[in-house]
Structures are given as C-alpha cells and as structure tokens.
Amino acid sequence: MTILSTHDLKKVYGSGESEVRALDGVNFQVEKGEFVAIVGTSGSGKSTLLHMLGGLDRPTSGNVTVDGKEIFTLKDEELTIFRRRKIGFVFQNYNLVPVLNVYENILLPIQLDGDSPDQGYIKEIIDILGLASKLNNLPNNLSGGQQQRVAIARALASKPAIILADEPTGNLDSRTSQDVLSLLKVTGQKFSQTIVMITHNEAIAQMADRIIRIEDGRIAV
C-alpha cells in the first residue's frame, strides 16, 4: 500500500535570471512500513523536499499525497490539523519544548489535538527507547542522544501515517548516531511505521530499506 507519493513536485524561487528551481519535477512513492533515506549534497533540494512532504511549505506546482489525501488541496488550518495527526517529525535540533519534561514533550502532539493517549502504547515506546528513568527530566538535563530519543518518541506517540526525519543525527557523534538510528529503525519495524529520512551521510543512509538520491532538484536515476 502506497502511503506517500509526489506528483511532478516543483518549487521555484525568484524569476528570470535569478530563478532557482529547488525542486524540478519530483516523482516517487513510499510504501507503508518502508524506511526510505533521501540522500543529497547541500543545495540538492532534499530539505526543500522534506518541507513539501510534511506540508511545512507549499509547492509552486504538483502535489503530495499522504495516506490517500492530496495535502495541498487543504486550507492552511486543515493542513495544520492533518499534519499534527498524520505526520511525525524528527528534526536535527530536536525541537523539544524546554519548559516541559520528557513525558510532557512526548504527549504534546496528542494533547494539542485534544485526544487521549494510548497509555499502553506510549509506555511501550518509552521502554524501547530507554526513557523510563528520564520522564521527569527537562530537555536541558539530557544528552543530545537522549533528546533525540525523546523526539522519536514524540513523533511515534500519535501513531502518524509517516515519520519525517530531517538529518536526525546531524548534531550527534558517530556512535550516538548509530544508536539513535538503530532505535529509529527498531521502533519503525515494531510499530509498522513508515519513515522517510533526509541525510547527506552515506553510512547513515545504508541503514534504510531503500535509498533515493536527489541532485539539482531532481530524483537521480
């Protein structure tokens, strides 16, 4: 079952001689439960692509379909709600709320949606990610690797259709990077979670089920 697809996705900045085609007709699809790495150098368009896949920015033309819904047919408020329910994000800089403890950060997307957490599921995520002893800690009392594990738990908590990971190990040393990626892969498999990861790191990309390469705004064949 295809859970994510793009159709002739384009993002153009500027016009005339200053025109930049950040994305230039991107087409690909991801099946449910896949772990896909999108690899490209700086300026290749991979971060722009991630923003489009997550509905954080709108394309110049083309569309993105997530869990059967063409997301750019939605109005801004509808898209915000859809994104909160269907897309989990793991960012390079963790993006945890500093005044909330670990447990509160994990539950935040569910509570913003006015929903009740599946306590058994949440506990299972916390246990797998080794966070049970850190639930009352604030983010600034955690290591980088621990903060990223909290970010992964938060992304999983609302049972999204897909998880988008943007250079999730960019701020971590190599050993911690391997640990975090292993946990991301294990949790993905355990919960049949679809993961799309943006990275420039070839070694990290090799941990994915499939690698998609992007060059100059186009998928490299």
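What volume does the largest cavity have? The largest cavity has a volume of about 40 Å³. This is a predicted model, in which local features need pLDDT of at least 70, side-chain atom pairs count only at pLDDT 80 or more, and totals for chains, interfaces and linings use all residues. Residues are numbered from 1 along each chain as its sequence is written, and side-chain values use heavy atoms, with hydrogens and water left out.

**The cavity**

The structure holds 1 cavity of 30 Å³ or more. A cavity is a set of points, on a 1 Å grid over the protein atoms alone, where a 1.4 Å probe fits but cannot get out; lining residues have an atom within 4 Å of a point. A volume is the space filled by probe spheres set on the points, which are joined across faces, edges and corners. Among the lining residues are Gly-33, Lys-185 and Gln-189. H6 gives the largest share of the lining, 3 residues. Helices are DSSP runs (H or I, at least four residues), strands likewise (E, at least two), numbered from the N terminus.

Gln-189 is found in helix H6, residues 174–190.

**Positive phi**

Most residues other than glycine have a negative phi. Two exceptions follow.

| Residue | Phi | Loop between |
|---|---|---|
| Tyr-94 | about 70 degrees | E6 (87–91) and H3 (102–112) |
| Asp-216 | about 50 degrees | E9 (210–215) and E10 (218–219) |

Asp-216 is exposed (over 50%), at 65%.

Key
Buried < 20%, exposed > 50% of the residue type's maximum accessible area, 1.4 Å probe, protein only. 1 Å grid on protein atoms, 1.4 Å probe; cavity = no way out; pocket = protein on both sides within 12 Å on 5 of 7 lines; lining within 4 Å.
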